[in-house]
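Hi,

Here is the structure I promised to pass on. Have a look at it first, and then read my notes below.

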Amino acid sequence: MAHATNHRNLSLKFLIWGYIIWSLVPVLIAVIYSFNDGRSRTVWQGFSLRWWITDPYASIFRNDETRNAISNSLVLAFATILVVTPLGIALAIGSQRIRGRSANFVQGLTSTPLITPEIVVGAALLLTFTRLFTAVPLGFVAQLLGNVTFSLASVVVIVRARLVSIGASFEEAARDLGATRWQALRFVLLPMLWPSVMASLVVVFATVIDDFVITSFLSAGVSSETVPLRIYSSVRGGATPALNALATLLVLTSFAVLIIGLFGLSTWRKRHGERGGLRAALADVTQINS
Amino acid sequence: MGRRDFLRNLAITSGAITIGGSLLAACGGSSSTESSGLSIGTPQNPVKLPVTTDAIADGLPNESGTLEVLNWADYQNPESIAIFEKEFGCKVVTSIYDTEEAAIAKLRNGTFKPDLILGMTDTGLAKLIAADLLQPLNKSYIPNFGNVISGLRSPYYDLDSQYTVPYFIYGNGIGYRTDRIDKNAFASNGYDTLWDSQFKGKAGVLDSYRDTLTMAMFRAGNFDANTADAAIIQKAGDDLVALREATNPKVDILAYTEIPSGNRDINFTWSGDLFTALQYLPENEAPDVLGFWYPEKTVAKNDFMCITKSAKAPVLAHQLINFLSDTDNALLNREYVGYQPALESITVDLLISSGTIPESLIDALVTPEKYEAGLAQVSLEPAVDALWLDQWTRFTAG
Amino acid sequence: MARPMDTLYRWLTQIKLNKSPRLWAGFAIPGTVWLIVLFAIPFYAVACVAFGTIDPVFRDAVPQWNPLSWNFVQAQQIFTSLATGPLQGVAIRTVVYVVCAMSLSFVIGFPIAYFLARHAGKRKILLLVLIIVPFWVNYLMRMLAWVNLLSVDGLFTRFMRIFGVNYNWLDGSPITVILGLVYGYIPFLILPLYATLERLDWRLVDAARDLGANSRQAFRLVTLPMSKAGLVAAGILIALPMFGDYYTNDLLSRSPSTEMIGNQIDFFLNASSQPQNGALLVLALSLFLLLFMSFYLRSTRQQTRQVTR
C-alpha cells in the first residue's frame, strides 16, 4: 500500500518536473537564440550581441521602430496605472460598502470584464470609438481607455480582498476615538491598503505591457504600436533574432517589476509587523493563497 | 441577360444586396441599382477621376517634422528612407497594411491617417476616390514623373495621373522551390500543381481576394479578371474550397520569406516576391532554388503612390514620390524590395546585367510585352464585389 | 447627459440610504460610470452595428442607434451561416478545439495541482514559483518560442526527425493549435485548481480511506464532489478566453482549415471591409459565452459571500 503511494508520488513528481521543463525550456531557448550571431532564429551560429546592441540598424536598442514601440509600451503602461489605480481603489471601497440592488449591479458590472474574452472587449471598443464616441481617436487615447477598462476589474479584486482581510474593526476603533468617517478612511484604512495597491501596480503594469488584443484592436498604425504588436506582426514574417531579443526584453521588464513589487511587499509587511513575507507577497500578486 | 438585368436579379435574390440597393435608391433618388457612383476606369473605358479639391500650390517649402507613410511590409528600403530623411531633414514613420480592402476601411474610420500611401492598386482606387480620401498631385514637385514607363503616365484608372504615380510593376503567378518542383510541372495547366495534394501543408496563396479568386478563375479558363458572372465567381469559390481540402494552403502575403526558408514549396503570389525572397535565403542556399511560373495569360499590373487629402505634410509627400521616381533611388529601393520599379529606364536587360537575378527567376521579370499582354484588374461595382467577398469568406472560413 | 447621470447618482445613493452612506456610493460612482460608458455602452454599440445597415459602396456598417428600427436581415444570414452554412465549420471547430484543449489541460493540470496541494513538501514554494513563472512570461513570447522550435529547421522538428517523425507542425495542423492552446492557458488552470484543492479539508479524504475506501473511491466520492465547484470555475476561467482566442491560431497555423471564431471576428473587423459581420459574430460569441459567464459569476459570488461571512 505504502509502496503504491510512493510509486504514484514518484510519477506525479515526474509529471510536475516534466511540466515545468515543458513550460519553461522553450522560452529559455528563445531567449538564448536572441544572442545568435546569424540571422536564423532556429539554427545556432555562435554568440553575439548584434541583435541587442551592436547592429546599427536591426538591434533592438538602435532600431527606431523598436525603440518607438518600447517607449509606446512604457507610456501606455504608466498612463494606465495612473488612471486605473485611484479609480479601482475607490470602486473597491465603494462597491464593498454599498448594499442592496445597486450593490449587485455594481458588483456584476465590475466582475464581468474580468471574464469577458478580450476580443469581445476589443471589438466592442473598436466599434464604439469608430462609430459612437468618434471624438476619441484610435491610438494612444483609445488604447488607454481600453486598457483601463480591462484592468479595472483586477485592481478591484485585489483591493477588495485586502479590504475583506482588514475587516471593519480598525475603522470602527478610529470612529470610537472620535475620527470622522472620512478621517478613519484617510488615516486608518488607506495606509493599510498599501500592499494591495502595490500588488495592483504590479499586476496592471504586467497586464498592460503584455496586452496584445485590446491594444491591437485600438491601435492606429505605427504611432501607437507597442512591443507586443511589433512582436506579433513579425513572428510570421522573416524576422531575425532581434525579435527574440525584443520578446526577451518584454519578459525581463515584467519580471523586474514583479521582483521589485514582491520585494516591496515583503519589506512593507515586515515593517508593519504583518506575517507572511515572500509567500504573502506572492499571494497578493497572484491572488492565490499558498 | 444584360449587365443591368443581371445586377437587378442579384438585388432580388440576395438579401444583403437588396438593402444596399434600396438604400442607394433612397439616397440617390435614382431607381438604378447598378450605378454606385464609383469612377471605375478600365482599359476599354479609361476614366478621368473627379477632382473636388485643389492640389497644393507651387513652390511651397518642405514641412519640417514627420512624414507618415502607409505601406506594405518590406516594401521600401530603410536605407533609401534614411537618405531621404537626411536630405529633407525630416522623419519618416511607416505604418503597415496587409490587405487593400482593410487599409481602405481603416483609412475611412481613422485608424490610419498617413500623408502618403504606397502600393495601392486600381482595385482600390475607385473607393479611395469615392471616400474622398486623396488629394490631386501637383506635378511641379515631381519632375521625375517623366521617368515613369511611358504607357503608365496616363493610366486607364487615372487619366492624366491626377492622383497617382506608379511605384512597382509585377505579374501574378506561382513561386516555387526548384529543388522540390520541376519546371515542367507547370507545362500544361500550371495552376493544377497548386492543387496537387502532395504539397499539402507546403503551399500558400495570396491573402487578397481579388488575386486568389481570379487565379482560380484562370485555372478554369475564365479570363475576365473582373467578372460579374455569379456562376463563375461561385465556381472559383468552389475550386478554392477544393484547394483547401487538397493542400491546406496558408493564406497570407509571406511567400517572400516562406519559400526561401523552405517552409513552402509552392505559393501563388506576385512575381516581385521572388526577388524579395532572394534576401531571405539562408546563407548557404543557392539563389536558383527559387523559381517562378509566369502564366501566359495573367494579371500584370502596377501599384502606385498617392497622397491623402488630410495629409499634414503634403509637400514632403510629393518630395518622397519624386525621390522614389529617380532612377538611382529606385534602383537602391529595389535592392531591398525586389520588385521592378515602374520606370522606363529600369529595363529588364539592366536588371539582368546587374547580375543579381538568378537564371531561374528570369521568367519572373515583367517585360514590356508581358505587361502589355497582362490582364487588368479593376475596381468592382459594390454588388459584384459582394459576390466576390462572399466566396472569399467561404474559402477563408475553412 | 445631465439627466441620466443625475438619475444614476440618485439610484446609486438612495437605495437603502440608511445603510449605505453617500460617501461609499460616491466612491463607487466614478468606476461604475466608467464601466457603464466604456463597457456596457460598447455592447450596445456592437448590437447597433450588428443590426444596422450596410453602406452600399464601401460595405461598411452603418449603425442603427434606435433599437426599434433594427434590421435583422444580415443577422439572419450570419446565424444561418453559423448553424448550417459556410461558418458552420468554424463554429464546430471552435467548440471541438476548446473542448479538446480543456480536457487535455485538466488531464495534465489536475495531478499537478493535486501534487502541489498535498505532497509537495518542503519544495512547495520552489515548485509554486516555477509554476507561476509562465504567468509572467508574455503569451506571445511563449508562442514565439514554439514557432521557433516547430519551424522546418527548428530544434524540435529536427529532434523528432531522429525518430523518423517528419511532420510539418506549422502547416495548419489542428494538433499544433490544440497543444498551443493547452500550452498557453494551462497556467491559468493550474493555479485556481491548486487554490481549490489547497482549501479542501483533506481530513475527510483520510477519513474515507480509514473507513475502507480505496484511493479511487475516495477520489470519486469525496475529493471530486468537494472540489467540483472550484474545478468548474477554473475550467470556465480558461474556456472563456480560449473561445475568443485568435492569436494562438494565427501564430501557430494561419491556415483556413484551423480557423476559429476569433479568427473570423478578427478578419471581419480588422482585415476586411465588412465590420457588420464581425459585430454579429461578436454578438453570437457573447451570447454563447453568457451561459458560462453567468454560471461563473454565480459560483464566485457564492464563494465571496462565504469568505465575507
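**What I found**

Starting with confidence, chain B has an average pLDDT of 89, and 91% of its residues score at least 70; pLDDT is the predictor's confidence in each residue, from 0 to 100. This is a predicted model, so to speak of local features we need pLDDT of at least 70, side-chain atom pairs count only at pLDDT 80 or more, and totals for chains, interfaces and linings use all residues. Residues are numbered from 1 along each chain as its sequence is written, while chains are lettered from A and ligands numbered from 1 in the order in which they are written.

Within chain B, the lowest confidence falls in helix H2 (residues 15–28), with a mean of 36, and the highest in helix H11 (residues 314–324), at 98. Helices (H or I, at least four residues) and strands (E, at least two) are DSSP runs, numbered from the N terminus. Residues 1–34 of chain B have a pLDDT below 50, and beyond near neighbours in sequence this stretch makes 43 contacts in the model. Two residues are in contact if their C-beta atoms, placed from the backbone, lie within 7 Å. Please keep in mind that where pLDDT is low, the predicted coordinates should not be read in detail.

**Strand S4 of chain B**

In S4(B) (residues 165–177), 12 of the 13 residues are buried, so the strand is largely enclosed by the rest of the structure. Buried means 20 or more other C-beta atoms within 10 Å of a residue's own (exposed is 12 or fewer, partly exposed is in between, and C-beta atoms are placed from the backbone).

Which strands does S4(B) pair with? Pairing here needs at least two bridges found by DSSP between two strands.

- S9(B) (residues 300–307) pairs with S4(B) in the antiparallel sense over 5 bridges, and B:Gly171 stands opposite B:Ala300.
- S7(B) (residues 266–270) is also antiparallel to S4(B), over 5 bridges, with B:Ile266 as the bridge partner of B:Tyr176.
- S8(B) (residues 290–293) runs antiparallel to S4(B) and is joined to it by 4 bridges; B:Phe292 in S8(B) is the bridge partner of B:Gly175.
- S10(B) (residues 340–341) is joined to S4(B) by 2 bridges, again antiparallel, and B:Gln340 faces B:Ile169.

**Chain A**

Chain A has 13 helices and 0 strands. Its C-alpha atoms fill a box of roughly 70 × 70 × 35 Å along the principal axes. Of its 290 residues, 48% are buried. Among contacts in chain A with a separation of 6 or more, 68% are between residues 24 or more positions apart.

Take helix H13(A) (residues 277–286), where A:Ala281, A:Leu282, A:Asp284 and A:Val285 are buried. Down the helix axis, the buried residues fall within an arc of 155° (from the directions from the axis to the C-beta atoms), so they line one face of H13(A). They pack against helix H9 (194–210) and helix H12 (242–271) of chain A.

**Where the chains meet**

The contact takes 16 residues from chain B and 13 from chain A. On the chain B side, strand S2 (90–96) and helix H9 (255–261) each supply at least two residues, and S2(B) gives the most, with 4. By class, that side has 8 nonpolar, 7 polar and 1 charged residues. Nonpolar covers Ala, Val, Leu, Ile, Met, Phe, Trp, Tyr, Cys and Pro, charged covers Asp, Glu, Lys and Arg, and the others, Gly among them, count as polar.

Cheers
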